[in-house]
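This report looks at one protein model, part by part. Please have the sequence and the 3D view open while reading.

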Amino acid sequence: MAWQIVAMLMAGLVLLVVGAELLVRGAARLAAAVGISPLVVGLTVVAFGTSAPELSVSVQSALAGQADLALGNVVGSNIFNVLFILGLSALITPLVVNQQLVRLDVPLMVGASVALLLLSLDGMIGRLEGGLLFSVLVIYTVFLIRQSRRASGDDLTALEATPEVTPEVEAPQPASWLRNASLILGGLGALVLGSTWLVSGAVAIAETLGVSELVIGLTIVAAGTSLPEVATSVLASLRGQRDIAVGNVVGSNVFNILAVLGISSIVAPEGIAVARSVLTFDMLIMLAVAVACLPIFFSGHRIDRWEGALFLGYYVAYTAYLVLHATDHPTLPAFRSAVVYFALPLTVVTLIVVGLRARATGESAR
């Protein structure tokens, strides 16, 4: 039966990736047709679409009463997105960070992480709290769309004021609307089926190996549902579209907290219970990872290769800790001490020095 469980898990992952691709393609075309700018499409439609697997899996888990899997998927995905995806993308080529991301989206990611931690202090994310998280996402999305439409209107007015320039706007054809709607529906169908298979396979693996659903959610499921983000950011780096590589990760992390956990908490019969271990360790790691983006992103508005290597190294260390803790390995205390008393302080000092140097360089340039 082991091969059948693995086959179900892999088939679920494939359907999630295919479904996310169809959903993103159809939604992006529809958004462009109604006049939303490419930047906003990247920050909302693409980033949210690549997080559709997390939404599908967490909602499915919440409805099935598997709160640990739903929560672990979100927290693990956010850690994976920053440490692994940004780290790998920066290793391929240094990433330039868009100033809008630095001013608005990265602080929002940090704020959402802080809000999630505060809402979880009582050990539960209820329907009211889930509704609060989701309402913030709605406000944020409406703000981005209105800003984009206003900017598009200003550009169109400027073009109309120039006699020799005549803007041509091609109205979307009914066949195009139908085709894009079919892509969206097909993508949603693949996501639902894929999430069902992935959750069933992950739970079966956890039971077979004697590992908790939380650990499976933080590792296998989190990495699997983040495959669309991996593909999007790595390909964007290879093609020189570096701001997309970063914006996709930041937008996905915002969506994971505000929408995935928000909706999952609303549909869950009794809300999402937060395990003590998640509150005192994994959520703190997620928050620390989000905060670590601030000095790196602000120092020259770029992520260098050494910073990408640092991110990747910390993801390997985090995963190793989860495995050692789950298996109660005797080397766990020594590993924990090495990270807490050596690696983390060294990293903090390095980031402070880099930030001060970047600030001094900027002041001297002015």
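## Helix 7 and the residue after it

Helix 7 covers residues 174-209, which is 36 residues. The model is a predicted one.

Just after helix 7 comes G210, a residue with a positive phi of about 75°.

## The largest cavity

How many cavities of 30 Å³ or more are there? The count comes to one. The largest cavity holds about 30 Å³ of space. In general, rolling a probe the size of a water molecule over the atoms shows where empty space is left.

The lining of the largest cavity consists of N78, V82, M109, S113, N253, I257, M286, V289 and A290. At least two lining residues come from each of helix 4 (67-92), helix 5 (99-119), helix 10 (242-267) and helix 11 (276-298). Helix 11 gives the most, with three residues. Sorted by class, six of the lining residues are nonpolar and three are polar, while no charged residues take part.

## The second largest pocket

The second largest pocket has a volume of about 550 Å³. Helix 11, helix 12 (305-326) and helix 13 (332-365) are the elements that give two or more residues to the lining of this pocket. Helix 11 also supplies residues to the lining of the largest cavity.

In total, 23 residues line the second largest pocket, and those nearest its centre are I285, A288, V289, Y314 and L344. V289 is also listed in the lining of the largest cavity. By class, the lining of the second largest pocket has 21 nonpolar residues, one polar residue and one charged residue.

## G271 in its loop

G271 sits in the loop between helix 10 and strand 3 (272-273). Is G271 buried or exposed? Its relative accessibility is 15%, and a residue under 20% counts as buried, so G271 is buried.

Which residues does G271 touch, leaving out those up to four places away in sequence? The contacts of G271 are M124, I125, G126 and S265. L128 is 143 residues away from G271 along the chain, yet the C-alpha atoms of G271 and L128 are separated by 9.3 Å.

Notes: Residues are numbered from 1 along each chain as its sequence is written. This is a predicted model: local features need pLDDT of at least 70, side-chain atom pairs count only at pLDDT 80 or more; totals for chains, interfaces and linings use all residues. Side-chain values use heavy atoms; hydrogens and water are left out. Helices (H or I, at least four residues) and strands (E, at least two) are DSSP runs, numbered from the N terminus. The expected span of a helix is 1.5 Å times one less than its number of residues. On a 1 Å grid over the protein atoms alone, a cavity is a set of points where a 1.4 Å probe fits but cannot get out, and a pocket is an open set with protein on both sides within 12 Å along at least five of seven lines; lining residues have an atom within 4 Å of a point. Grid points are joined across faces, edges and corners, and a volume is the space filled by probe spheres set on the points. Ala, Val, Leu, Ile, Met, Phe, Trp, Tyr, Cys and Pro count as nonpolar, Asp, Glu, Lys and Arg as charged, and the others, Gly among them, as polar. Buried means under 20% relative accessible area, exposed over 50%, partly exposed in between (1.4 Å probe, protein chains only). Contact means heavy atoms within 4.5 Å.
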